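Subject: Structure handover

Hello,

Here is the structure I promised to pass on. My notes follow below it.

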Amino acid sequence: MAMKDYSDEFKADTVALYESTPGATYKSIAADLGINRETLREWVLRDRERRGVAPAAARSGRAAPARAGQLAPSADPDERIRQLEARVAEYYSLRSS
C-alpha cells in the first residue's frame with residue numbers, strides 16, 4: 001500500500017479535532033476522516049511533544065495526577081487497556097503466591 005502525503009494543515013486540523021472532541025478515540029476520528037489510526041496517533045504524539053504537553057494534560061487542558069493505587073490517565077485507550085491488563089496480571093500473581 002502506498003504511503004499518502006497529507007498537508008501540514010490537514011494534520012493540524014485533524015489533531016485539533018481529536019484534542020477538542022470529548023470521548024473521541026484515535027479509531028473513531030481516523031475512521032471518520034479515512035486515515036489510519038496509527039497515523040493519527042503519531043500526529044497527536046508529535047504535536048504534544050512539540051508543544052511540551054503531557055498526554056494526560058493534553059485533552060483536559062490541565063494535569064491530572066493519579067491517586068495512590070490508581071492508573072495514570074492516558075489519552076490512548078489502548079494504552080489504558082494495557083495498563084489495566086498489567087495490573088490484573090499483577091493482582092493475580094500476588095494472590096496466587
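The protein has five helices and zero strands; both are DSSP runs, helices being H or I of at least four residues and strands E of at least two, numbered from the N terminus. From the N terminus on, the order is α-α-α-α-α.

Please note that this is a predicted model: local features need pLDDT of at least 70, side-chain atom pairs count only at pLDDT 80 or more, and totals for chains, interfaces and linings use all residues. Residues are numbered from 1 along each chain as its sequence is written, and side-chain values use heavy atoms, with hydrogens and water left out.

Overall figures: 20% of the 97 residues count as buried (under 20% relative accessible area, with exposed over 50% and partly exposed in between; 1.4 Å probe, protein chains only). The accessible surface comes to about 7,200 Å², and carbon and sulfur atoms hold 54% of that (Shrake-Rupley method, 1.4 Å probe; for residues, only the protein chains shown count as cover). Take contacts (heavy atoms within 4.5 Å) between residues at least 6 apart in sequence: 42% join residues at least 24 apart.

Now helix α2, residues 26-33. Tyr-26, Ile-29 and Ala-30 are buried there. Seen down the axis of α2, the buried residues fall within an arc of 100 degrees, so they line one face of the helix. That arc is taken from the directions from the helix axis to the C-beta atoms. Their cover includes α1 (8-20) and α3 (37-51). On the other side of α2, Lys-27, Ala-31 and Asp-32 are exposed. Just after α2 comes Gly-34, with a positive phi of about 75 degrees.

Best wishes
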